[in-house]
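Please keep the sequence and the structure in view while reading.

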Amino acid sequence: MKRFWKDVSVSEGDSGWSIQLDGRLVKTPARELLSLPTRALADAIAAEWAAVEGDIDPRAMPLTGLANAAIDRIATDRDAFARDLAKYSEADLTCYRDDWPPELVERQAQGWDPLLAWARRRYDVDFVTTAGVTHVAQPPATVEQLSHAVAALDHFRLAGLSPLVTIGGSLIAALAVLEKAFEPVDNWDAVSIDDRWQLEQWGSDPEAELALENRKRDFLAAARFLDLLN
C-alpha cells in the first residue's frame with residue numbers, strides 16, 4: 001500500500017489518544033480503533049505515519065505494529081498471553097552458562113550476574129544456574145513470583161515486553177528494562193553476548209551481522225514502546 005494521506009494528527013477521545021490521517025481515524029488490521037493510552041506514544045506513532053514515503057513498510061513502523069498487537073491480539077485474551085510469556089521464567093537465558101572458554105565465562109558473568117542480583121532483590125526470589133543447556137528447574141516460588149509480575153501488566157505493556165523476552169530469551173532482562181533498572185542498550189548487550197561471541201570467533205558474516213542488527217533494532221524499539229507508556 002502506498003501513502004494516500006497528506007496530513008497526520010493526534011486527537012484525544014474518551015478512550016485515549018488516536019491518530020488521524022487527513023481527519024480519518026486510523027484503525028488496526030482487525031478494524032479496531034487505534035486508541036493509545038498516552039500522548040507520548042500517540043505522538044511517536046503519528047511520527048511513524050508522517051515519515052512514510054511511497055510504500056508503507058511495517059518494519060519502519062515498529063511502534064504502530066506493537067500497538068496493533070496490543071489491541072488485536074493481546075487484549076482479546078490477556079491472561080493466556082501473559083501465561084505463555086511467563087513460561088520464560090522456567091528457562092531464562094541468564095541461568096544457562098558456558099564453562100569454557102574462560103573469556104566467555106567471564107563475559108556471561110559480567111552481563112548476567114547483575115541481572116540475577118537485581119531480580120533477587122526486586123522479587124525476593126532465587127535462581128538455579130547451570131553450565132550447559134540441560135534444563136534445570138527453578139524454585140517454584142521464583143516461577144510464581146515472576147509469573148505474577150507478568151500477569152499484573154496491561155495489554156500494552158505485555159505487547160512491549162513480549163519482543164524483549166522472545167528476542168533476548170530472558171524474562172529477567174525484559175522486566176529490568178520495563179522497570180528501568182538497566183538501560184535498554186546495556187540489556188541488549190547482555191542478552192546478545194553469545195551471538196556476538198560467535199561472530200568474533202568465526203569472523204565476519206554479513207548475513208549473521210544483519211540478523212543481529214535487526215534483532216537489536218526490534219529489541220530497542222520495544223524498549224522505547226514501553227518507555228512511551230509512562
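## The crossing of H4 and H7

Helix H4 (residues 102-123) and helix H7 (residues 171-178) have axes that come within 10 Å and cross at roughly 70 degrees. H4 is therefore roughly perpendicular to H7, a label given to angles of 65 to 115 degrees, whereas angles under 35 count as roughly parallel, over 145 as roughly antiparallel and the rest as oblique. The axes are lines fitted to C-alpha atoms, for helices over the stretch in contact, and angles run from 0 to 180 degrees between N-to-C directions. Helices (H or I, at least four residues) and strands (E, at least two) are DSSP runs, numbered from the N terminus.

On the H4 side, the contact (heavy atoms within 4.5 Å) is made by Leu115, Leu116, Trp118, Ala119 and Tyr123; H7 contributes Ile172, Ala173, Leu175 and Ala176. By class, this contact has nine nonpolar residues, no polar and no charged ones. Here Ala, Val, Leu, Ile, Met, Phe, Trp, Tyr, Cys and Pro count as nonpolar, Asp, Glu, Lys and Arg as charged, and the others, Gly among them, as polar.

## Basis of the model

The model is predicted: local features need pLDDT of at least 70 and side-chain atom pairs count only at pLDDT 80 or more, while totals for chains, interfaces and linings use all residues. Residues are numbered from 1 along each chain as its sequence is written, and side-chain values use heavy atoms, with hydrogens and water left out.

## Salt bridges

The structure holds 14 salt bridges, each a side-chain nitrogen of Lys or Arg within 4 Å of a carboxyl oxygen of Asp or Glu. One of them pairs Asp113 with Arg97, with the closest N and O atoms 2.9 Å apart. Asp113 lies in helix H4 and Arg97 in strand S4 (residues 96-97), so the pair ties together parts that are 16 residues apart in sequence. Arg97 is buried at 14% relative accessibility, while Asp113 is partly exposed at 37%. Buried means under 20% relative accessible area, exposed over 50%, and partly exposed in between (1.4 Å probe, protein chains only).

Glu200 forms a salt bridge with Arg107, the closest N and O atoms being 2.9 Å apart. This pair links distant parts of the chain, since Glu200 belongs to helix H9 (residues 193-202) and Arg107 to helix H4, 93 residues apart. Salt bridges that share partners join Glu103, Arg107 and Glu200 into one network.
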